[in-house]
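The sequence and the model come first, and the description follows.

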Amino acid sequence: MEIPRAQDQLFDRGSSAREKYTRLVVGRTGLGALLKHEAVVMCSQHVPGALGLVLRKLLYPALLGACGRNVVFGQNVVLRHPHKIRLGDNVVVDDNCLLDAKGESNQGIAIGSGVFIGRNTILSCKNGDIEIEDGANIGFNCELFSASRVRVGKDTLIAAYCYVIGGDHEAVDPSLPVLAQGRRSVGVSVGAGAWLGAGAKLLDGVTIGDGAVVGAGAVVREAVPARAIAVGVPARVVGTRDEVASQ
């Protein structure tokens, strides 16, 4: 799978500075789309306090593919390819978050209603899709990366410093640097009502079942069944929530 690197696009000598910026950030060609994006950012992105909240609530929806009611954007929320970002009602995107829906053929980022995205969290697409279903809560300093598809189910809790990694590097040729080899992506799915403890890491290709619990600091390389409890590095299933409840 060809997953483009931002630095290759940024230093493409065949494109002007405006073309590169538009391709990486705005996602739509034309001077009008660029001017609209820049006007919204300059007037609202960095504005502190209540005034900033009001300005972003009024102006950010003009850039988005869809935006529901009562959506709160914190200070310094960065949007890339915002026309491919869709938000439901009563969503909170806290300070310093990055919502990056970049890609040539992807659908982008879809966030359901009642979702909370914690401070400093990154949702990053590399021509992949990210879907966060209703009621999910994502803590601060998390990253969700997708080069194919990453899904977070309804009412799922993802604690701080978690990484959900929907892509990986190839390393099959030991004579070449990893950076010189290809990249692949299968995707990650986290079921409804699951809980990822602080610092958990889900590697590409993993499926977490509905209602499962992944312990703090776990590194998950294989599927975790519904309602199971998995801990450790690498993570292993040590029981089920039903067993704990019956004790």
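Asn96 has a relative accessible area of 34%, which makes it partly exposed; the term covers values between buried (under 20%) and exposed (over 50%), computed with a 1.4 Å probe on protein chains only. The model is predicted, so local features need pLDDT of at least 70 and side-chain atom pairs count only at pLDDT 80 or more, while totals for chains, interfaces and linings use all residues. Residues are numbered from 1 along each chain as its sequence is written, and side-chain values use heavy atoms, with hydrogens and water left out.

Asn96 lies in the loop between β5 and β6. Strands (E, at least two residues) and helices (H or I, at least four) are DSSP runs, numbered from the N terminus. Although Asn96 is not a glycine, its phi is positive, at about 65°. Tyr161, in the loop between β14 (157-158) and β15 (163-166), is another residue other than glycine with a positive phi, near 65°. Tyr161 is partly exposed, at 45% relative accessible area. In the loop between β24 and β25 (236-240) lies Pro234, and a cis peptide bond with omega of about -10° joins Val233 to Pro234.

The whole structure holds 10 salt bridges, a salt bridge being a side-chain nitrogen of Lys or Arg within 4 Å of a carboxyl oxygen of Asp or Glu. The table lists some of them.

| Pair | N to O distance |
|---|---|
| Arg69 and Asp89 | 3.4 Å |
| Arg119 and Asp95 | 3.1 Å |
| Asp204 and Arg184 | 3.6 Å |

Arg69 is exposed at 60% relative accessibility, whereas Asp89 is partly exposed at 23%.

Arg119 and Asp95 also form a salt bridge. This pair links parts of the chain 24 residues apart: the loop between β8 (116-117) and β9 (122-125) holds Arg119, and the loop between β5 and β6 (98-100) holds Asp95. Arg119 is partly exposed at 38%, and Asp95 is buried at 18%.

The salt bridge between Asp204 and Arg184 ties together parts 20 residues apart in sequence, because Asp204 lies in the loop between β20 (201-202) and β21 (207-208) and Arg184 in strand β17 (residues 183-184). Asp204 is buried, at 13% relative accessibility, while Arg184 is partly exposed, at 33%. Both belong to a network of salt bridges that also includes Asp168 and Glu170.

Which residues have the most contacts inside the largest nonpolar core? They are Leu87, Val93, Ile109, Ile132, Leu144 and Ile208, in a core of 47 residues. A nonpolar core is a set of buried Ala, Val, Leu, Ile, Met, Phe, Trp, Tyr and Cys residues joined through side-chain atoms within 4.5 Å. Among the elements giving two or more residues to this core are β4, β7 (109-111), β9 and β10 (129-132). Beyond its neighbours within four places in sequence, Val93 is in contact (heavy atoms within 4.5 Å) with residues including Val72, Phe73, Leu87, Leu99 and Ile117.
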